[in-house]
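Subject: Structure handover

Hello,

Here is the structure I said I would pass on. Please open it beside this message and look up each residue as you read.

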Amino acid sequence: MRTQRLYYDDPYTTAFSARVVERTHFEGQPAIVLDRSYFYPTSGGQPHDLGTLEGVPVLDVVLREADDAVLHVLERELPAQADNVHGEIDWARRFDHMQHHTGQHVLTQAFIQVAGAHTVGFHLSAESVTIDLDKPALSPEKIEAAEALANRIVTENRAVRAWFPQAEELARLPLRKVPDVHGKFRVVQIADFDVTACGGTHVAHSGEIGLIKVLRAEKRGDTVRIEFRCGGRALRDYAEKHALLSRLSAELTTAYTAIPDVLAKLREENKALRKELKQLRGALLRNEAQTLWEAAEPRNGYRLVLRAFEEREVGEVRQIVQQLIAHPATVAICAVAGPKAQLIAARSDDLSQDMVAALKRGLAVWGAQRGGGRPSFAQGGGVAATLAQAQAALQAAAEAL
């Protein structure tokens, strides 16, 4: 049963009545087919309309290609006696789609005229609106010029016409895009600017699109993806960014135009502070390592440092161990207690003890097997261990020397 799609001629109507001609299901949800409908089904990069039928929310609108019927997927079944239904279109969503689909036509033609870049993909959703252009790169100047041309077409409030031309008229139209279909197809024309085949919903005049704003350009292989906003979405995007800039300006106590310079200065200061902090931290670790080495008791011709740490970064402990074994005739075995405990066993190059064997003896106390290294430096762990268990692992490792 072919559904009469009323939005083709009138995308502005939001309330209508229709007759139920079929009750069915789609992907487990109840669905109905109407003899006539203003609900737009997902197609051509444009999402479906939302709204209600007899007060029941419409969750999805799908075109059944087998018979050109429009399936209205519902939240729940309609009453059995509902043969004639009242429909309501979510106008805010519909108009947003109308603005962006018409805006896409304008922006697409603008990129053709400014940069010779043709649209090869279009995506419209609640989160983003994009077109993909058949160029590997576009300069910022070209993008700005296309945006400026698009907005000039908007301000000129050009008429937008959508219709099904007869064959003779169709042959005379300078179509930007010809669909691969048989028979008649719908054409959308923006007066003296763009003519293309399209089945979506559009505004009647370009001024209704509102502002067209390009947000970003992203290289994607051999194409460039342009993300943009129109109308209400563009205004909301501006409002959000203006509010953010205002907060930053207030917090930095500077004009918003000076924020980049202030951030650059803060970045340099942060870099210098991080360098200074690294130097100070290194000095503290060297001092801590020296204190541990001096306190270590001599054992069989070498100094043995055993130390268990709690709530300490493993990286810092590793640095301490490296400082310790920089001394000659030194063995350092350190443990870090915690949910992912670590054991480090190392020696100076002038000794011959096998630190991998010592490590494995210590890890056995924890029941851990993940670990290894070279004879002079080994590390492992990754299991939970208390401070007492860390100390027990140290003693077991030392016994293997």
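Predicted model: local features only at pLDDT ≥ 70, side-chain atom pairs only at ≥ 80, totals over all residues.

E12 (residues 187-190) is joined to E13 by four bridges, and Val187 has Ala197 in E13 as its bridge partner.

Is Arg94 buried or exposed? Arg94 has a relative accessible area of 0%, so it counts as buried. Leaving aside residues up to four places away in sequence, Arg94 touches a list of residues including Tyr7, Tyr38, Asp49 and Thr201.

A hairpin

Strands E19 (residues 371-374) and E20 (residues 377-385) run antiparallel and are joined by four bridges. The hairpin between E19 and E20 passes through two residues. Arg374 stands opposite Phe377 in E20.

Leu244, Leu245, Leu248 and Tyr256 make a nonpolar surface patch of about 360 Å². Leu245 belongs to helix H4 (residues 231-252), and its relative accessibility of 35% makes it partly exposed.

H4 also holds Lys241 and Asp237, which are four residues apart, about one turn of the helix. Their side chains meet in a salt bridge, 3.1 Å from N to O. Lys241 is partly exposed at 42% relative accessibility, while Asp237 is buried at 14%.

Other salt bridges

Side chains of opposite charge can pair when their charged atoms come close. How many salt bridges does a search of the whole structure find? The search finds 20.

In one of them, Glu227 pairs with Arg216, and the closest N and O atoms are 2.4 Å apart. Glu227 is in strand E15 (residues 223-230) and Arg216 is in strand E14 (residues 212-220), so the pair ties together parts 11 residues apart in sequence. Glu227 is buried, with a relative accessible area of 13%, whereas Arg216 is partly exposed at 44%.

Glu316 and Arg312 form another salt bridge, at 2.8 Å from N to O. Arg281, Glu288, Arg312 and Glu316 are linked in a network of salt bridges.

Regards

How values were computed
Residues numbered from 1 in each chain as written. Heavy atoms only, no water. Pairing = 2+ DSSP bridges. Patch = residues over 30% accessible without salt bridge, like charges linked within 9 Å, V, L, I, M, F, W, Y side chains within 5 Å. Areas by Shrake-Rupley, 256 points an atom, 1.4 Å probe, with all protein chains shown as cover. Salt bridge = Lys/Arg side-chain N within 4 Å of Asp/Glu carboxyl O. Buried < 20%, exposed > 50% of the residue type's maximum accessible area, 1.4 Å probe, protein only. Contact = heavy atoms within 4.5 Å.
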